[in-house]
Amino acid sequence: MTSSTRHRQMAFVIDLNKCIGCQGCTIACKRLWTTAPGLEAAYWMNVETVPGRGYPRDWAGRGGGFDKGRPKPGREPTPEEYGIPFEFDYSARLFSGKRDRGRPRAAADWAPNWEEDQGAGAYPNTYFFYLPRMCNHCDRPACAEACEAGAIRKRPEDGLVLLDPDRCDGSRACVAACPYAKTFFDAAKAKAHKCHGCFPRLEAGLAPACVAQCTGRAMHVGFLDDGAASVHKLVRQWGVALPLMDGFGTGPNVFYIPPFIGPAVEGPDGTAGAAARIPDNYLASLFGPDVRTALRVLRAERRKRGRGEPSELMDLLIGRDARALLGHLQPHPSR
Amino acid sequence: MGAPNRRKFLKGVAAIAAAPVLGSGLSLRSLAADPAIRPDYPGWQDLVRRGWTWDRRTRGAHLVGCTGGCPHWVYSRDGIVLRDEQSGDLPALPGLPDPNPRGCAKGSCAIDYMYGPYRLKHPLIRMGERGDGKWRRASWDEALQLIADRVVDAMVRHGPDSVSVFSPAPAVAPVSYAAGHRFAHLTGAHAHTFFDWYGDHAPGQTQTLGVQCDAAETSDWFNARLILLWGANPVQTRIPDSHYLTEAALNGTRVVTIAPDYSSSAAKSDQWLHPRPGTDAALALALAHVIVEERLFDAAFVAEQTDLPLLVRSDTRRFLREADLVEGGAEDRFFAHDQASGRPVAMRGCWADQPDTRAAPRHAYLGRDTLSFPEGTLALGDLRPALEGSFRVRTRDGGDVEVRPVLELLRRTLADHSPRKAARITGIPAATITALARELAATRPATIITGAGINHWFHSDVLFRALHLLMALTGNVGRHGGGVNHYVGQWKPVPSAGINALAFPRGVSRQRFCQTTIWTYLHAEARDGIEGMDIPRRLRDSLTSGQMPLYPRGGRSPKVFICYRGNYLNQTKSQGDVLRTLWPKLDLVVNINIRMDTTALYSDVVLPSAHWYEKTDLNFTEEHTWIHMTEPAIPPMYEARSDWRIFVDLAAKVEETARRRGVTTLHDDEFGWHRDLGRLHAEMTADGRLARDEDAAQFILDNAPETKGMTLDAIRRKGPQRVVSNWTSPMEEGVPYTPFRHFTHGRKPWPTLTGRQQFYIDHSLFLELSQELPAYRPPLDSDQFPLRFNTPHSRHAVHSTFKDNDLMLRLQRGGPVLEMAPADGRQRGLADNDWAELWNDHGRLICRVKLRPGEPAGRVTMHHAPELYQDLIQGGSQSVCPIRITPTHLVGDYGHLVFRPNYYGPGGSQRDVRVEVRRYTGPVPAGL
């Protein structure tokens with residue numbers, strides 16, 4: 001590789017209108033990378049119901065990231081905030097004649113998806129949606145900034161933020177520093193770990209497992225500077241894909257199509273009003289003030305399809321060909 | 001650069017220059033990304049790369065009671081199965097969204113049933129009481145001998161029909177399904193229906209259309225311009241199909257969810273209507289009211305395709321029949337008033353038009369085989385049937401009677417179902433109802449996607465008839481993107497002729513199929529708590545007149561129960577009565593399983609079955625039209641054997657035992673079948689031609705028109721293959737399957753009594769109950785308790801499969817919960833995650849509560865059928881749900897309404913259950 005190597009950025013777009021909260025990405029990732037002992041509580045990819053406290057619990061209020069460009073102190077989540085993984089002794093009940101039920105050994109009072117489908121608002125004006133969250137492979141990774149061992153690097157060829165466990169000194173500084181709580185600590189090995197973008201798959205020309213296995217077809221991946229990639233079009237051209245909590249100052253590279261389809265608020269007489277059920281202010285708190293423009297554009301483009309007129313934007317989101325969501329990548333191994 | 005130096009350096013920079021540097025878009029650490037100073041760290045990366053390698057890739061399917069039919073690749077290394085991933089090789093249909101990747105999180109947990117703690121490894125024989133979980137390991141020989149001895153005992157002492165074999169859902173694993181059914185067939189044991197029993201069958205659909213069921217493949221949703229999600233929550237329960245819904249919405253289709261709770265699917269819809277639970281038929285009839293009153297219906301479609309023009313006698317409320325008019329006339333030929341000639345004219349396609357000699361019905365899913373009618377057509381020609389008015393006809397006995405078209409009667413019935421009245425019943429504003437009716441009439445294609453949410457009501461049949469009425473009035477039947485599409489259960493074993501040939505070699509009519517709802521109700525002596533509907537007498541009449549079957553015959557009890565590929569005991573309604581009364585009647589309960597589930601736990605002998613990735617089988621679904629397969633990634637682990645092999649081995653053991661005891665010949669009076677148990681093994685394997693799973697799979701493909709010409713090897717090599725023909729529509733290249741086009745476009749008569757979509761059923765019971773037309777019947781209020789108990793399917797499990805999976809439970813709350821409106825919780829002093837006790841007259845359960853704002857007050861929800869060993873303190877969802885038999889489902893003597901396994905019979909209703917909930921204050925066991 002020469003010094004003329006371009007700095008490129010791999011980006012992800014997650015369409016919250018298509019995400020069905022099925023946790024397919026969560027399990028695809030977990031099954032592939034985080035099943036070893038010590039990693040049970042870690043979900044590099046998780047899907048949480050919002051409004052809600054999320055995973056780890058209240059992750060958004062722990063600090064980390066940057067404040068006016070300066071690293072902002074953060075707090076490492078506690079094991080309880082991640083959720084102590086439930087374990088069940090089925091063999092005792094099923095094969096050894098123990099009478100009790102297979103209930104979790106740990107007291108069950110929190111888990112990564114504890115608030116599933118709860119959301120906010122009073123019936124009938126309740127609302128919720130699903131928010132998949134993964135490492136943002138940020139432009140200014142707070143984790144890397146905090147790592148004094150130099151174990152976390154943003155690599156130039158695709159902008160993935162990678163953590164070298166051989167260099168990790170177990171300081172946990174990165175865990176506290178990531179405002180999205182997407183760096184983790186493996187107490188068994190005394191090493192930090194995080195999403196590596198499924199780089200072995202990328203090297204084989206394949207989309208990461210979370211994207212490839214998304215049965216809701218809600219995830220896009222590709223180079224942000226690839227004019228042909230759907231991520232480029234949605235982020236750069238249409239401006240309808242927005243980062244989550246950009247105020248943390250890290251420059252996330254996971255972008256979200258805000259939820260713009262949903263029933264309107266219902267009036268006291270039971271008829272539907274005009275206002276969207278999910279308050280714009282709430283969406284702005286997640287995706288910034290630009291979300292209002294994005295919602296307007298998305299709604300207008302959908303109305304075009306309703307009238308039978310073409311819409312490039314809706315076609316991009318529908319993505320009739322599965323490969324159209326994946327930039328230059330393919331979905332699955334060919335052999 | 002050493003760490004101490006770096007720290008010092010960083011502090012200095014952070015204090016002085018961090019902001020400007022960061023403002024440039026490159027952090028200090030990111031500077032290290034410059035290739036010139038980029039460190040080499042191949043060691044750990046190679047380790048990660050090794051985590052994503054495999055040495056074998058095989059085809060895999062998840063052989064559970066799931067409609068997904070999701071083709072996967074299974075990756076293994078060094079003889080260990082690592083994981084699976086969607087194969088991604090389902091071909092896309094032009095212009096429609098890609099069907100790939102098709103799968104879900106549960107499927108990704110498939111390997112846990114290979115390696116997890118629930119896996120059955122060896123034959124086990126019970127040591128303690130049933131349910132204790134105390135076992136001793138047995139050899140295959142000992143276990144099979146024990147079963148064979150009891151089977152032969154039962155056959156000799158109590159008759160072959162005292163042996164009972166239960167296995168559901170042929171579509172997901174037809175070879176495995178056929179194994180035990182073939183064994184039952186050859187030994188004379190009785191077998192069980194399941195589609196009706198589980199509440200998957202929509203009796204109202206069979207009443208209207210004369211089909212067991214049929215629906216569009218889900219890619220057809222994208223073709224709809226208006227989607228009514230009516231009592232269905234596909235976002236949770238049809239996970240691999242949901243993208244067609246969200247993509248249709250993005251494509252401009254309007255989506256309306258009709259459900260009492262703010263569901264995951266409601267959140268994806270443009271409009272959410274939340275009728276009070278169980279009032280859906282009032283809403284449907286009000287929509288029909290507007291469409292009929294405002295004359296928004298498709299008169300040409302209705303005249304040709306439905307019974308709405310057929311004449312009904314005002315004096316008897318029965319159809320005008322040919323026998324009414326002429327001596328020797330047919331009882332099942334019907335008339336319309338032709339406006340052209342001014343006379344009643346016999347309509348073509350009626351039951352009476354069946355040819356005298358016909359091939360045996362090839363299509364077990366049709367009320368009769370009208371597809372091969374040489375003369376049959378619905379084409380009206382010059383006829384102009386009247387849809388309204390009143391006419392007089394002279395009967396053959398000289399009478400002069402008034403007759404009116406069904407639509408005229410319907411109009412009068414609908415007059416009582418105005419939007420204003422429906423608003424009072426449902427809680428939905430009248431203006432909203434009227435607007436939706438007009439939209440429905442004006443938008444084509446429009447579809448109703450429906451499911452268990454409404455199909456599990458006691459009176460679901462009248463409701464489904466109303467839904468079909470809406471689609472018929474608006475001409476949406478047989479139209480791509482239209483129709484009533486019912487997706488409850490794995491009801492579509494597409495190549496049914498092939499599966500039947502394998503499972504019932506001498507014909508399905510020689511299989512002793514009991515009707516499982518009736519079987520369980522009677523043998524468990526279940527208490528339904530219903531008063532005033534005369535159900536015991538109606539049931540008795542239906543049985544004694546042969547309308548519905550019961551085995552063993554003559555009031556005897558079943559003696560041996562063999563259950564496999566199904567969790568009968570866990571899923572049964574009236575679970576308490578089944579455990580208390582039915583279970584003790586069984587001398588031997590055998591379970592064949594990959595895992596120790598609730599039914600296995602309460603069995604006497606448990607045999608380990610090969611996992612889905614350890615055997616060969618086929619896999620079908622109604623949700624798409626592609627056939628795929630599973631094959632061994634590794635040989636069966638431990639001592640497991642495939643279901644096919646287990647029943648072949650059991651047949652050999654029964655033969656050997658019968659020979660030893662000199663009881664090889666057995667005359668079967670019911671079928672006049674001289675059974676020779678001395679040839680049982682040879683018959684089981686067709687003299688060795690069906691010895692292996694692969695042979696049986698190929699036999700199915702070879703013996704069904706849908707799969708003719710396909711080979712197992714081609715599916716393995718090329719991937720999923722599209723069926724070449726299908727149940728009620730032709731398969732068209734590049735076009736999604738939409739049912740009923742043989743009737744709507746080919747104009748073959750519908751397989752009903754009248755040959756038309758039949759909304760008027762003049763059976764005496766229907767007339768007695770005033771259900772001759774679609775009607776609104778409020779939910780049963782037999783349980784005098786305040787809260788409705790709702791038990792839907794779950795996102796994180798397929799019935800009970802995966803309910804106990806660690807990874808799935810960690811994405812829930814570690815065990816089953818009761819979802820409750822916050823107000824209902826507050827009223828009872830219940831906070832989120834408190835333990836609560838739920839009960840009614842049928843039983844009791846104790847579990848944790850989850851307060852969910854989207855749940856309507858007055859209703860509580862528990863995802864159905866947690867295993868009885870899971871994290872409840874007592875009971876399970878089925879503890880409080882009794883078996884309840886709907887009288888109209890007992891009819892088996894009316895044209896297309898006849899008992900045939902899984903085609904028509906009493907269904908599984910459990911939506912009408914009412915309960916009370918209170919805080920549980922007893923001790924909470926620490927658990928295991």
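**Cavities, cores and the backbone**

Author: The second largest cavity is lined by 15 nonpolar, 14 polar and 10 charged residues. Ala, Val, Leu, Ile, Met, Phe, Trp, Tyr, Cys and Pro count as nonpolar, Asp, Glu, Lys and Arg as charged, and the others, Gly among them, as polar. A cavity is a set of points, on a 1 Å grid over the protein atoms alone, where a 1.4 Å probe fits but cannot get out; lining residues have an atom within 4 Å of a point.

Reader: Before we go on, what is this model based on, and how is it numbered?

Author: This is a predicted model, in which local features need pLDDT of at least 70 and side-chain atom pairs pLDDT 80 or more, while totals for chains, interfaces and linings use all residues. Residues count from 1 along each chain as its sequence is written, chains are lettered from A and ligands numbered from 1 in the order written, and side-chain values use heavy atoms, without hydrogens or water.

Reader: OK. What volume does that second largest cavity have?

Author: About 550 Å³, where volume is the space filled by probe spheres set on the grid points, which are joined across faces, edges and corners. Of its 39 lining residues, B:G231, B:N233, B:G453, B:N790 and B:P792 are the closest to the centre. In chain B, α9 (234-237), β16 (446-450), α17 (452-455), β27 (787-790) and β31 (859-861) each give at least two residues to the lining. Helices (H or I, at least four residues) and strands (E, at least two) are DSSP runs, numbered from the N terminus.

Reader: And how much space is in the largest cavity?

Author: About 640 Å³. It has 40 lining residues, and the closest to its centre are B:G65, B:R565, B:G566, B:N567 and B:T801.

Reader: New topic. Which residues touch the most others in the largest nonpolar core?

Author: A:F287, B:W230, B:L308, B:Y568 and B:W583, in a core of 355 residues. Such a core is a set of buried Ala, Val, Leu, Ile, Met, Phe, Trp, Tyr and Cys residues joined through side-chain atoms within 4.5 Å. Buried means under 20% relative accessible area, exposed over 50%, and partly exposed in between (1.4 Å probe, protein chains only). Helix α11 (residues 280-293) of chain B gives this core its largest share, 11 residues.

Reader: What does B:W583 contact?

Author: Apart from neighbours within four places in sequence, B:W583 is in contact (heavy atoms within 4.5 Å) with residues including B:R130, B:Y568 and B:Y602.

Reader: Is helix α20 of chain B enclosed or open?

Author: Largely enclosed by the rest of the structure, because 7 of its 8 residues are buried. Among them are B:W519, B:Y521 and B:H523. After α20(B) comes B:E525, with a positive phi near 50°.

Reader: Where else is phi positive?

Author: At B:Y638, near 50°, and at B:A686, also near 50°. Most residues other than glycine have a negative phi, and most peptide bonds are trans. B:Y638 is partly exposed, at 43% relative accessible area, whereas B:A686 is buried, at 14%.

Reader: Which peptide bonds are cis, then?

Author: In chain A, the one joining A:Y55 and A:P56, with omega about -15°, and the one from A:Y123 to A:P124, with omega near 0°. A:P56 sits in the loop between β2 (46-50) and β3 (66-67) of chain A.

Technical notes. On a 1 Å grid over the protein atoms alone, a cavity is a set of points where a 1.4 Å probe fits but cannot get out, and a pocket is an open set with protein on both sides within 12 Å along at least five of seven lines; lining residues have an atom within 4 Å of a point.
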